Amino acid sequence: MRDLLASPGTGLPSLPLSARLKEMADYLAAPGAARLTEEQRALALGIARRLVADVAARLDAAIDPATLWLDWIEGGLPGAERLAAPCFARAEEHRWREQSALRAAPPRIPSPEETAGADEADGMPAVDAPMTDIDRGYLALQIADRRRTDALGNPCIAVADLDADLFRALLLDIAAWRLVELGKAGAEAARLGDAVRAALAAQAGEAGIDAAAARWHRALEAEGALAEAAAATIARHDWPALIALAAAAHRRRYGEMALTLLTAETAALPSLLAPLRVDRMALAPLEASLTLLPGRTISGGGAADEDYAALLAARAERVAPPPDGEA
Amino acid sequence: MSARIVRGRIDRAGTLVSADAPLLRLQQRAGAGLEKPLALPHLARLVALAQRLQRDISRPLHAADDHSDVHALVRIIPDADGASLEISDWRTRPVAQPQAPPHGTPPAAAGGWSWECDARLRLIALRAGVEAPPPPAGWEGRSLSELFELQPDGDGHFAVLRALARQAPFEAQSARIDAAGGRAATTLSGDPLFDAAGGFTGFRGVAMPADSRREDASGRSLADPAFGSLPLSDPQFGRRIDGALRGPLSRIIATAETISGQFDGPIRADYARYAGDIAHAGRHLLGLVDDLADLQNIERPGFKAARDEIDLGDLARRAVGLLGMKAEEKGIRIDAPRTDDQAPAYGEFRRVLQVLLNLLGNAIRYSPENSLIWIRVDREDDRATVTVADQGQGISVDQQAVVFEKFERLGRTDSGGSGLGLYIARRLARAMDGDLVVDSAPGQGARFTLSLPARD
């Protein structure tokens, strides 16, 4: 792409111009496709910023995340293409959950008769009340899910949920930036190298949302309660729980499944959720909720650049007159 | 204040034949479009009414799509081929659903923690503000009561348990916790969470060091002696009840008006009258909900009205336009300011109009039939004023002392009002650096004067 954007003799275009031209090229490649909204851009950028800050904190507490981010924003995020999918998936999931919460039915408010004399009547829920494996699994899933927002409720990606390759790449990029910032190599490089290895080892030992999803899914399967639980998550609009079950059933990562569900054609939902054995009718709230999400990206259709020749060939075959004698 | 007018055109068959963008968008979100029947029920009824009466009408317009409420003023000018619409003061506000992220809940302040627990009070989130000590390790899944060691209040009660039983917000729950710096006193507050099926799923709230409790609570507490222990003193409950009542009431009113107006064909006269009574009662209840919502809003600490550049003469004429028909029904003539009578002032357009509608509505309600109401605008030094005077029974000096009190109806028991209108009107006037005063004597009518900072 870049060689197309640089005119002979003029050198490479500046970053802003290059970004604009790339955007224009993307637009020309698919003028009929809906563009990102400002909300989608802002959400994804915020998620990326929080992720970079979290990873930087794990690498070296002395790194100023604001300086790092400012540098990266000015120069462009290294590994932007790697970050795009997880940030977009998390942003879209957040939009979906927010929208779903806004449309939810008003809560049932207990009547005075129901609450009369109920003040503290039941007392404090017992701390040591026994929990089933299913309860424990769901609790762990909720905890893992809540780690995916910051203290102000903004969406983020928990480091424990990051793909190990992406985490490693981010650590190395930040370490390289830190070395340049400090202006010295040698001992500092060795220290940062150790820090990268330590951070990778620590992350490998953390149980993120994928592990929690798998655990809950196993518990439900063992009790034969999977279909019922999946239907309940849909009825309650508990979308993270549904994504988690679907991801575990397909043995895929949570983020991938979130993106798959969020961009699925409505007609594809039954087959996508078939492993959960949810009744077709129970899918209605899910279909409705996804349909109502403004600016939703529907996957499918369109051909990538490299497929263009194949597309033309296929089209030519369809319109070409049959060879003589075959009519 | 934007004086932009949104225009539209309806043909004789009730089809929207042209519309400015905001109106067209609303029509489209209602599932229709241009060259389609007007799909906004309230507006369609007003158009039908104007066409039937063959005269201009001006009314407040309420519409809603799936994510916002729309409030505006509409003027409908019928003619032989249909009707023209002029919509002004178009305002939208997001539909506040109780399940929405609780915007009123303060996020973890710098020195505090934000937390979330499930319906059995097991912690599923605990995060520290930027200046707060880190949460203790191993908090995940532990009971709120275990981690925070809740303390009973003076009566031996636990605010969090009462809230759990009522599925209601709570605050000022004292607790102690082992933090990095040692054992610390802290104060918990939280809001209930519900899923889409309306089921209670837990609480979300903040834990603040005990010495910052007063500062934290100031933004949340709205306890009002006039409400006593009613949950209406709680802003979260207020928002919830507001959202829960407004929609059903609007539907009741709209349906009752449709029946009463016999828009879909003639029905027995007594049935139409009953439907009219239902609509009337519904409007009264909706007015009460509006008043309570206003009350909560204006009594919020830090409430401040906008400082628009307004003209009291223009606003007075708008108020007359909105309530003129109601006055005509009683044979009351309103002597409004002339078009060239101006009183430039500073104040929030919508709020000033609200005050004037309240004053004029009261004057119409309590004036005898076939009487006269005057509205005058003036300027006194740095104050612009508008006075609404009627020929009603007047207000004694004793009554004048209490007429601006909350829930004061001067002994009236009819269904005309909530007793909050004048209280709210004066609070609004004062929030705009103005005032609202009354001058009256029994048998000589009443004169209410709204004064605001004048502008040159």
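Modeller: What follows goes through the two topics in that order. Keep in mind that this is a predicted model.

Biologist: How many helices and strands are there in chain A?

Modeller: Chain A has 16 helices and 0 strands.

Biologist: And how many in chain B?

Modeller: Chain B has 11 helices and 18 strands.

Biologist: What share of the residues is buried in chain A, and what share in chain B?

Modeller: In chain A, 30% of the 327 residues are buried. For chain B, 38% of the 456 residues count as buried.

Biologist: Now the sheet in chain B. What is the strand order?

Modeller: The order is β13-β15-β16-β18-β17, in an open sheet of 5 strands with mixed pairing. At the edges are β13 (333-335) and β17 (435-440) of chain B, each of which pairs on one side only. On average, neighbouring strands in this sheet are turned by 15° against each other, direction ignored.

Biologist: In what sense do β17(B) and β18(B) pair?

Modeller: They pair in the antiparallel sense, over 6 bridges. Strand β18 of chain B covers residues 446-453. B:Leu436 stands opposite B:Leu450, which is in β18(B).

Biologist: Which strands does helix α11 of chain B touch?

Modeller: Helix α11 (residues 421-431) of chain B touches β17 and β18 of chain B as it packs on the sheet. Its direction makes about 130° with that of β17(B).

Biologist: And where does helix α9 of chain B lie?

Modeller: Helix α9 (residues 349-366) of chain B lies across β15, β16, β17 and β18 of chain B. The helix runs at about 25° to β16(B).

Terms used. Residues numbered from 1 in each chain as written. Chains lettered and ligands numbered in written order. Predicted model: local features only at pLDDT ≥ 70, side-chain atom pairs only at ≥ 80, totals over all residues. Helix = DSSP H or I, 4+ residues; strand = E, 2+ residues; numbered from the N terminus. Buried ≥ 20, exposed ≤ 12 C-beta atoms within 10 Å, placed from the backbone. Pairing = 2+ DSSP bridges. Axes fitted to C-alpha atoms, helices over the stretch in contact; angles between N-to-C directions. Contact = placed C-beta atoms within 7 Å.
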